[in-house]
Amino acid sequence: MIDREELIKIGFFNKPHGIHGELSFTFTDDIFDREDCPYIVCEIEGIFVPFFIEEYRFKSDTTVLMKLESVDNDEDARLFTNLSVFFPKSYLKDNKDEFQAPGDYFIGFTIVEELEGELGKIIGVDDSTVNVLFEVDYSGQELLVPANDDFILSIDEENRFIHMRLPQGLLSL
C-alpha cells in the first residue's frame, strides 16, 4: 500500500483529449520527465493507485498529453478528470546532488527548532506565494513555518527531520 508521505504532488489531470484515452495533464513539476520512473500515482477514493505511463508528449511548458496503460478510450479517461497526480519520492534519491526537492517532498518530516525542540510534523506545503510555508501540526493546531534556506540548519533525510533556527518571536505569535 502506498502512503501519502511516500509521494509528492506534481499536478492534476484536466480532461480527456481525443477518443483514444489520452489525458491532458497540468504539472507543477516535470520530475516525471527528468527521472526514470515508469508510473505516476493518483488518489482514488482515498487509496493511492499507480498507473503506468504508456507515452506522453508536451503540449506547452506546463501541460502534457499523457496516455496511461489500460486507459484506451475517452470514457475510461473521463474517470481521471480533476484527479491529483503524484510522483513516488523513492525515485528522487538517485540524483540527489542535482535535485532540488519540491515542497511536497518534505511532507511527513518533523521540524526541530534549535531552542524549542520538536515542533511537529509537516502536513502540507503552501507554495501559493513566493514565500513557501511549511504547514506544521503543532500540538493539534496548524503552524505556518517559513521554508526559508536561511532558517534551515540541516536536513536529515534518513530520519526525516528538518533542523531549523527560527526568528525570535515567531512561535509566540
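Cys-37 is buried, at 8% relative accessibility; buried denotes under 20% relative accessible area, exposed over 50%, and partly exposed the range in between (1.4 Å probe, protein chains only). Cys-42 is buried too, at 0% relative accessibility. The model is predicted, so local features need pLDDT of at least 70 and side-chain atom pairs count only at pLDDT 80 or more, while totals for chains, interfaces and linings use all residues. Residues are numbered from 1 along each chain as its sequence is written, and side-chain values use heavy atoms, with hydrogens and water left out.

A disulfide is defined as a pair of cysteine sulfur atoms within 2.5 Å. The count is zero disulfides. The closest cysteine sulfur to that of Cys-37 belongs to Cys-42 and lies 12 Å away, too far for a bond.

Asp-29 sits in the loop between strand 2 (22-27) and helix 1 (31-34). Helices (H or I, at least four residues) and strands (E, at least two) are DSSP runs, numbered from the N terminus. Asp-29 is buried, with a relative accessible area of 13%. Its side chain makes a polar contact with the side chain of Arg-34 (2.6 Å). A polar contact is a pair of N or O atoms within 3.5 Å; within protein, one must be able to donate a hydrogen and the other to accept it, and residues adjacent in sequence count only if both atoms are side-chain atoms. A polar atom of the Asp-29 side chain also lies 2.9 Å from the backbone nitrogen of Ile-31.

Six strands form a closed barrel in the order 1-2-5-4-3-6, with antiparallel pairing. Pairing requires at least two DSSP bridges between two strands. Strand 1 (residues 7-17) and strand 6 (residues 84-88) run antiparallel, joined by five bridges. Gly-11 has Val-85 in strand 6 as its bridge partner.
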